[in-house]
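Welcome, and please load the model in your viewer.

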Amino acid sequence: MKGGGGGFRTQQDETLSGRQRGSVDLYIVKRLFGYIKPFKGLITGAVLLTAGGAMLGPLRPWLTKVAIDEYIARGDHRGLAVISLIMLGVVILDGLKQYQSTWLTELIGQKAVFNLRMDIFRHLQRLPVRYFDRNPVGRIITRTTNDVEALDEMLSSGLITVIGDLLQLVFIVAMMLWIDWRLTLVVLSVLPLMIWSTISFKNRVRQAMFDVRTHLARLNSFFQEHITGMKIVQLFGREESEFQRHAGINADHRDANIRTVFYFSIYYPLIEFMSSTAAGLVIWYSATRVVNAELTVGVVVSFVQYIWLFFRPLQHLSDRFNVMQTAVTSSDRIFRLLEEPVAPEPTENAAAELRKFSDRIVFDNVSFAYDGDNLVLRDISFEIRAGQTVAIVGATGSGKTTLINILSRFYPIHKGSITIDGSRLDDIPSQALRRLIGVVMQDVVLFSGTIRENLCFGDPTIPEESVREAARIVGADRFIEKLPGGYDYRIRENGSGLSVGQKQLIAFVRALLYNPEILVLDEATSSVDTETESLIEQATDQLMKQRTSIIIAHRLSTVQHADRIIVLHKGTIRETGTHQELLARRGLYYKLYLLQHPERRTLEDAG
């Protein structure tokens, strides 16, 4: 596999599915039918229009035969004028049919794809965090954009059009048999070769289109990672090496597309060759019969027209193969995404609807591993009483943030239990849990929109006065009011243009407006300057009033006033106590404290 960033495949990407290909097609058809079923009226209208109009095309060569044999051959100008008007009417009706059927099929496709996109986004919001850990953003974006667009093209212009082409083929064969069955057999003599070439083309194009979508997902993943991390690429002077990695991934995508072009470049001329061969055979076979007065010129001319008309739907079907093979591959990917198991919710019998936190949070012998094998937390046991401020400290990798991840139920624990007011964490509905716990993370995520929209993200109905008051309490109003437009200032993607400290202050205001009963501060002041840290510390005091608070921090100066401090080391609890108690023990906390306050060691040594 070439390339690096975004270049790995999951097991899902290696094959179309664990199912056999035939069952995959049937499964996809069933799933797609579920999305078009609500529009049965539109589908019925489109199918009736397509079926009724399928006869209009095959009618024209027959009218040509009548015009030649009945009117031109006899010099009947009046009859020729009538048949010409009839032919004009057929052409106009055919055009109106195409307009109406195209409108209806596009309408069906857009409505069905709209519902599909809504289902995908709803499902993505319910997926566990672990899914996003193992799937690059670029791959997920490919599923929700490129793959959905491929499906849109099939639903909008594929299925019903194929039905129309197949019906037209049936009518053409029926008309040819009615006019002359022997000439019809001559035309159909090339059919076995056409069927063989079509099946061979279908199988090869299917795999080629699957490869195209796979390499497109890799390309999107690579772009997403490197556009997001472009500063790092430039800082380390990796432009040329990353360009070469991109060249490898891009080459794979190009080669996959070229393979599909190669198959089509063979198939189209082959269809053209077969149609020309059929026309030549008809003319050759008709020559003697025309001389012997067994056939009329009109029959021969109509059959030549039928040949081109017969192979035109076949060419359309080959075009649809491209669309449908792409759509089948994309549909398989989309439906596998929709089959990803969502984060489990408690059953109604087990659900514990907590409306208020009033007693304690208890961790009882909790163990956890992100990969299922290497434990990050081992037999963690402690409790946090309502109204307490508990700090969790420790070296990087000790498991501090992991504690918050499992308390927020982003990941399921492997052993032990966590309870809130006596209710197991797994028995509390997600909405109820999210109402209780508010987290201010170190890496603040802001969305494109105004400052106000980001502040009120948890509840857009919050009044303007409350927003401004919360910003004033935190101290964020100082910089917000200096921005162009103030609270209506539009934030760019992920807060670009704002400093780390300003984004952190916005997160504090957002937490204050969300008004959780359990407040979690995850390294909330680790990336800000001293002045902003002072503002945040003042805001923290306001936020923690009459709340249960959990503070995760590297800087021990921010946790000295906590009611209790828990010291983690390599996933286990090494010490607990107040700041003064832990210093008096001269254990791990004391060592961490001296590392951050070397002057204390100097004074003690001097003493």
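Helices here are DSSP runs of H or I with at least four residues, numbered from the N terminus. This is a predicted model, in which local features need pLDDT of at least 70, side-chain atom pairs count only at pLDDT 80 or more, and totals for chains, interfaces and linings use all residues. Residues are numbered from 1 along each chain as its sequence is written, and side-chain values use heavy atoms, with hydrogens and water left out.

**First selection: a pocket**

Select Lys97, Gln98, Thr161, Asp165 and His316: of the 23 residues lining the second largest pocket, these lie nearest its centre. A pocket is an open set of points on a 1 Å grid where a 1.4 Å probe fits, with protein on both sides within 12 Å along at least five of seven lines; lining residues have an atom within 4 Å of a point. The volume of this second largest pocket is about 510 Å³.

Now colour the helices. Which one gives the most to the lining of the second largest pocket? Helix 5 does, with 7 residues; helix 5 spans 77-126, and others that each supply at least two include helix 9 (159-179) and helix 14 (297-338).

By class, the lining of the second largest pocket has 13 polar, 7 charged and 3 nonpolar residues.

**Next selection: aromatic rings**

Show Phe368, Tyr370 and Tyr411, which ring pairs link into a cluster. The structure holds 9 aromatic pairs (ring centres within 6.5 Å). Phe368 and Tyr370 make an edge-to-face pair (planes over 60 degrees apart), because their ring centres are 4.7 Å apart and their planes stand at 85°.

Notes:
Rings of Phe, Tyr and Trp (its six-membered ring) pair if their centres lie within 6.5 Å; planes under 30 degrees apart count as stacked, over 60 as edge-to-face and the rest as tilted. Grid points are joined across faces, edges and corners, and a volume is the space filled by probe spheres set on the points. Ala, Val, Leu, Ile, Met, Phe, Trp, Tyr, Cys and Pro count as nonpolar, Asp, Glu, Lys and Arg as charged, and the others, Gly among them, as polar.
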